[in-house]
Structure formats: structure tokens, C-alpha cells
Amino acid sequence: MNMKKWLAGALACSVLFMAGCGGQSASQQASAPAAAEGKVYRVAMNAEFAPFESMDANNNIEGFDVDLVNAMAKAGNFQVEFKHQPWDSLFAALGNGDVDILASAVTITDERKQSMDFSTPYFEITQVILVPQGKNIQSVEDLKQANRVGVVTGQTGDFAAGKILGNDSSKIARFESLPLVIKELENGGLDAVISDSAVIANYVKNNENKGFSMITVPDFEVENYGFAVRKGDTATLEMLNNALKTVRESGEYDAVAAKYFAK
């Protein structure tokens, strides 16, 4: 090997070494903030729970959760795409990695926190009883005397009914979605429905001619909705929490809420 070749080789090695020491390595770049450039976060929801998520006449998903997440995405400089799917498939889709975020009026519970992580709460509700005209149900004790009480399978209304009537009670009628259980109530097949206060209030407001009543009882605990991510996905969780904090502080959260919940 002549001297010129040796010097050229040494210079090349020196350049490579310096490049490896300066800036970020490939592994460091991979651990950059979750809102990576170009990444689109897949957000799943069961769009049968107005006013939080529902389908419009053109089969586009709309609602409070949609507008709030869009506001958060703008504030946090990340992108999202929404996907409607059955309620009972949401948690498996998150766990399997088919979606990145659940934004579907998901109540934060200790049981759910064992298999997924939640953002800071973004909405407070309680369970209430929807009662049709002609049914005298004003309390949990009255509910115990009912023949058939409707709930959506796996939602916290289902859990509440189970505590009152027993999980295996034949009085509990379980349905796949809120529209289905309310349709059964409208048709006279149920004595009452247990579900989330904001959703039932929205239904009563938009169906005043049907004479249904929303009964609030002290037996149901206050609940909080949160955005769910896969267990251990701290980057996405931090991104969501920061964006939610930003839209609250800017007043954008209140503007979105006023659109859907103003009396």
C-alpha cells in the first residue's frame, strides 16, 4: 500500500467516525417525539353514540369527539384519520395494533386501565335512566321492579345494571349499540334504558314529541371519559395530554363543547 492510498483510507475512516459522533444516531432518531413527521394516527370510534360520534347523511363521522380530536391534532401538529367500527371490537383493535387511539366516549375504569392507558379526563358524565311515557320509574328501587332493562353490551350502563340487578339477571337486555336499544324502548319492548347522561340528554332534547324522561339517581357514580392508547405507549399519551391541555387553555375546548351541549 503506498502512502497516498494509506492517507486517503485514514481520512475516510476519520470522517465516518466524526459523523457517528455528531448529531443523532438512527436509534436516537427513532425515539423522537410521537408526532413524527408524516405519521397519521388511526383513531377508532363506534359512531353510534351521538352527540359524541355518529354518522351524517353522507356516512362521514361527526360529533364532539371528532371535533375535539381535530382541534387537538391542529394544536399538537399531528394528523389523524377516523374509523367507525362496532363497540365490542374497539379494545381488541387497539390491543392488536390495528388502531393507535380510541376516541369513543370511553369511560376510564380500573379494569380497563389494566390493559390500556388513558389520557387525562376530557368529559364528565354519570349513568341515567331513560324512561318512556307511562312507566313510573324514579329510582333504583323502581328499576328493580322493572321487567326488562336495556343496555349496550360492555358499556358502563351494562356494568351499572349488573350491580343493581345482578350480572346474570334475565331482566337485563343487552344490545350491540345505543340506536338498537333505544329503538327497542320506543317499540315498547323495554321498561327503561341505562346509559350515559350526555347521550340520553341529547336524545331527549331531539325527541321531545316522544315523551321520554331522563331520570337522574344518586346511586350512579360520576364517570370520566378519556382517550385510550396501547399499554405503555407513553409517547402518544404525552402527545394527547399536551394537545388537550393546549385546547383547554386556548378556549377551543369550550367552543367545541358549546356546539354540542349548549342548552
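Apart from neighbours within four places in sequence, Ser-139 is in contact with Ile-129 and Val-217. The model is a predicted one. Ser-139 sits in the loop that runs between β7 (123-131) and α6 (140-144). Its relative accessible area is 24%, so Ser-139 counts as partly exposed. Pro-218 lies 79 residues away from Ser-139 along the chain, yet 8.8 Å separates their C-alpha atoms.

The protein as a whole was examined next. It holds 11 helices and 13 strands. The chain has 263 residues, and 44% of them are buried. Contacts between residues at least 6 apart in sequence were also sorted by separation. Of these, 72% join residues at least 24 apart.

One part of the fold can be followed strand by strand. Strand β8 covers residues 149-152, and strand β9 covers residues 172-175. The two strands pair in the parallel sense, over 4 bridges. At one of the paired positions, Val-152 has Phe-175 of β9 as its bridge partner. Together with helix α7, strands β8 and β9 make a β-α-β unit, and the unit is right-handed.

Asp-158 belongs to helix α7. Is Asp-158 buried or exposed? Its relative accessibility is 8%, below the 20% limit, so Asp-158 counts as buried. With neighbours within four places in sequence left aside, Asp-158 is in contact with Val-151, Val-152, Thr-153 and Arg-174.

By class, the lining of the largest pocket has 7 nonpolar, 5 polar and 4 charged residues.

The second largest pocket holds about 280 Å³ of space. Its lining consists of 15 residues. Nearest the centre are Ala-50, Leu-178, Pro-179, Ile-182 and Tyr-203. Three elements, β2 (54-55), α8 (178-186) and α9 (197-206), each supply at least two lining residues. Helix α8 gives the most to the second largest pocket, with 5 residues. The lining of this pocket divides into 9 nonpolar, 3 polar and 3 charged residues.

The largest cavity has a volume of about 50 Å³. Its lining is made up of Phe-49, Trp-87, Ala-105, Val-106, Thr-107, Arg-112, Gln-155, Thr-156 and Asp-196. These residues divide into 4 nonpolar, 3 polar and 2 charged.

Note on methods: Residues are numbered from 1 along each chain as its sequence is written. This is a predicted model: local features need pLDDT of at least 70, side-chain atom pairs count only at pLDDT 80 or more; totals for chains, interfaces and linings use all residues. Side-chain values use heavy atoms; hydrogens and water are left out. Ala, Val, Leu, Ile, Met, Phe, Trp, Tyr, Cys and Pro count as nonpolar, Asp, Glu, Lys and Arg as charged, and the others, Gly among them, as polar. On a 1 Å grid over the protein atoms alone, a cavity is a set of points where a 1.4 Å probe fits but cannot get out, and a pocket is an open set with protein on both sides within 12 Å along at least five of seven lines; lining residues have an atom within 4 Å of a point. Grid points are joined across faces, edges and corners, and a volume is the space filled by probe spheres set on the points. Two strands pair if DSSP finds at least two bridges between them. A crossover is right-handed if, with the strands pointing away from the viewer, the path from the first strand over the helix to the second runs clockwise. Buried means under 20% relative accessible area, exposed over 50%, partly exposed in between (1.4 Å probe, protein chains only). Contact means heavy atoms within 4.5 Å.
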